[in-house]
Amino acid sequence: MDRCPVPEARNRLATFNDERSSIVDEVSSRIVNDHLRLAQDSPDESLEYVLNEVAFAEIQRLQKSSSKNDKKRLARWHDLAHRLGQMSEFDKRKELESIVRYHAQDIAGNFNPKVFRFTTDILPPALSFLLNPISGFGEGMQALGAMADQIRIEGPIDQIHRCCERGTLVVTPTHSSNLDSIVLGFALNRVGLPPVTYGAGKNLFSNAFMSYFMENLGAYRVDRRMRFGLYKEVLKEYSSVLLERGYHSLFFPGGTRSRSNKVENRLKLGLLGTTVSAMVNRAKQEGEGIPRIYVVPVTINYRLVLEAETLVEDYLEETGKSRYIIEDDEFSRIGRIVEFARKTIAHEGAAVVRFGAPLDTFGNAIDDDGESLDNRGHIVDPRGYLRDSAGEIRSDAQRDAVYTRILGRKLSAAFHRETVLMGTHIVAQACLEVAHKRTGIGDILRLMRLSESALALPVDDLSDAVGQLRDAILEQPEHGTLDATLRSMTPREIVDQTIHFMSTYHTKRVLYQSGAHIRVGSMKLLYYYRNRCAHVRFNLRSSQEAS
């Protein structure tokens, strides 16, 4: 798939800095006015109640910190909590405006066209040079521009282009690694789609190298330490205003990275719900012929995952509950990123970005012209979903939440359907199935407690299981698509290739061959990679049963 430069006219983010102040003003004004109206209608929604929740949440958070700056912030919130009962309504309003504007300013991103041109024109060939694990300079120069081989892109790109011409895109990918936004940004540019604005955890900005690009390429900050409702309101309103103004966006519906490596099933619908609110506001403002909003599911699939060792350790430690924000994983160490790039992404097809068919904001399919289709394939006007019984377009929180849940279910199904199952996933699953047959232990966590050296899997048995699992995947397209490179390979070739790839990056050997057997070097990593295809229905048969 040849790279197509993004036309300047389609790069909506190029004008973002000119609008940044007005976007912050609009977000702040909407939030404050909403709360003033609520305070008039209900005593339970008073400004004092809202401010008290903010102060209490921040006191709870900052009391756990020992930094001097946080101690100063803690004193500020203690002071507000003590003054609240004596403050006038005017002073409460000013305090609310100050807090809302502070967070809107902190969230709002930035876009530098010069940095964007650098990353699209210079960085890809430079990365190809970096990622190619060969020593000779002449050979290294041949690697320039080879990112197209290293990151494969699939899906209905022409249809997505037509949707982009007609409306605003909301790209919704799976989330396995902090490299996802970089890989997806490359994929969007390569197929000629415009750059998107996206939310990035504020902790990621601690990496000086990565934060430079995120701060200049439209990323907005999401501070997951903020637990009070007002912050979430500001974040959602910011997203809604961007969509209303036609800024193409990216949401990770899974929230954080999938620590288990399972395909996301339970999606977080907060930001996704802003697609409906943005449609309502657009329809109110523009009436007939409103620009559409299209939701594009995407799976980002890696043969190996940069942070796999840290993620699976965290997942298993307390079944994923130990840390919500991981600040010290492999992504925080630039040396590990370079090592990962040189040893894994440099191999052809090491990552596959697969776009799914676009949906409208209500979960309806889209035809080739960008029209919404109902379950019978008939064209429907999306504004009909936004009208009340009197035919007026209006917001309805309960109704809109139902639409968002429907959209979430459609995205979850698309994630499973569009996931590319690679050799590392299939061989890992096959290993655990063979181990189950040989030990009689059915519970995966009990199986993992066995001594790794005790597991010796016959190569022939493992190859047979890989062949059976590959057939099962081909028979169940709703559960994923087989990596195209595996279709013409024999099961034994898949096993050999996977063992080689699994030995190139991780600090522990995942699998290794010992005579006629395959031994397990890391049950945790084997479990992690197996989880990517754990949802595939598969019952291993003996070689006699299979024949």
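Is Glu233 buried, partly exposed or exposed? Glu233 is partly exposed, because its relative accessible area is 32%. For these words, buried means under 20% relative accessible area, exposed means over 50%, and partly exposed lies in between, with a 1.4 Å probe and protein chains only.

Before going on, the basis. This is a predicted model, where local features need pLDDT of at least 70 and side-chain atom pairs count only at pLDDT 80 or more, while totals for chains, interfaces and linings use all residues. Residues are numbered from 1 along each chain as its sequence is written, and side-chain values use heavy atoms, with hydrogens and water left out.

Now the overall picture. The chain has 22 helices and 16 strands; these are DSSP runs numbered from the N terminus, helices being H or I with at least four residues and strands being E with at least two. Of the 547 residues in the chain, 55% are buried. The accessible surface comes to about 24200 Å², and carbon and sulfur atoms hold 50% of that. Those areas come from the Shrake-Rupley method with a 1.4 Å probe, and for residues only the protein chains shown count as cover. Among contacts in the chain with a separation of 6 or more, 76% are between residues 24 or more positions apart. A contact here means heavy atoms within 4.5 Å.

Back to Glu233, which sits in helix 12, residues 229-244. Together with Asp44, Glu45 and Glu53, Glu233 forms a patch of negative charge on the surface. A patch takes residues with over 30% relative accessible area and no salt bridge, joining like charges within 9 Å and nonpolar side chains (Val, Leu, Ile, Met, Phe, Trp, Tyr) within 5 Å. Lys and Arg count as positive and Asp and Glu as negative, with His and the chain ends not counted. The charge is placed at NZ of Lys, CZ of Arg, CG of Asp or CD of Glu.

There is also a patch of positive charge on the surface, made of Lys64, Arg227, Lys232, Lys236 and Lys268. Arg227 comes from the loop between strand 4 (219-222) and helix 12. With a relative accessible area of 55%, Arg227 is exposed.

Next, the salt bridges. How many does the structure hold? The structure holds 40 salt bridges, each being a side-chain nitrogen of Lys or Arg within 4 Å of a carboxyl oxygen of Asp or Glu. One of them pairs Asp368 with Arg162, the closest N and O atoms being 3.8 Å apart. That pair links distant parts of the chain, 206 residues apart: Asp368 is in the loop between strand 9 (365-366) and strand 10 (372-373), and Arg162 is in helix 9, residues 157-166. Asp368 is partly exposed at 48%, and Arg162 is partly exposed at 39%.

Another salt bridge joins Arg438 and Asp461, at 3.8 Å from N to O. Arg438 is in helix 17 (residues 423-439) and Asp461 in helix 19 (residues 459-475), so this pair ties together parts 23 residues apart in sequence.

Asp223 and Arg225 also form a salt bridge, with the closest N and O atoms 2.8 Å apart. Here Asp223 is buried at 5% relative accessibility, whereas Arg225 is partly exposed at 38%. Finally, a network of salt bridges links Arg12, Glu19, Glu26, Arg30, Glu237, Glu244 and Arg245.

Glu95 lies in helix 4, residues 89-107, and counts as buried because its relative accessible area is 12%.

Ile59, in helix 2 (residues 47-62), is buried at 11%. Leaving aside neighbours within four places in sequence, Ile59 is in contact with Leu74, Trp77, His78 and Ala81.

Last, the backbone. Most residues other than glycine have a negative phi. Asn261 has a positive phi, near 75°. Asn261 is placed in the loop between strand 5 (249-250) and helix 13 (274-286), and is buried at 2% relative accessibility. Just after helix 11, Gly218 also takes a positive phi, of about 95°. Within helix 11, residues 208-216, the buried residues include Met210, Phe213 and Met214.
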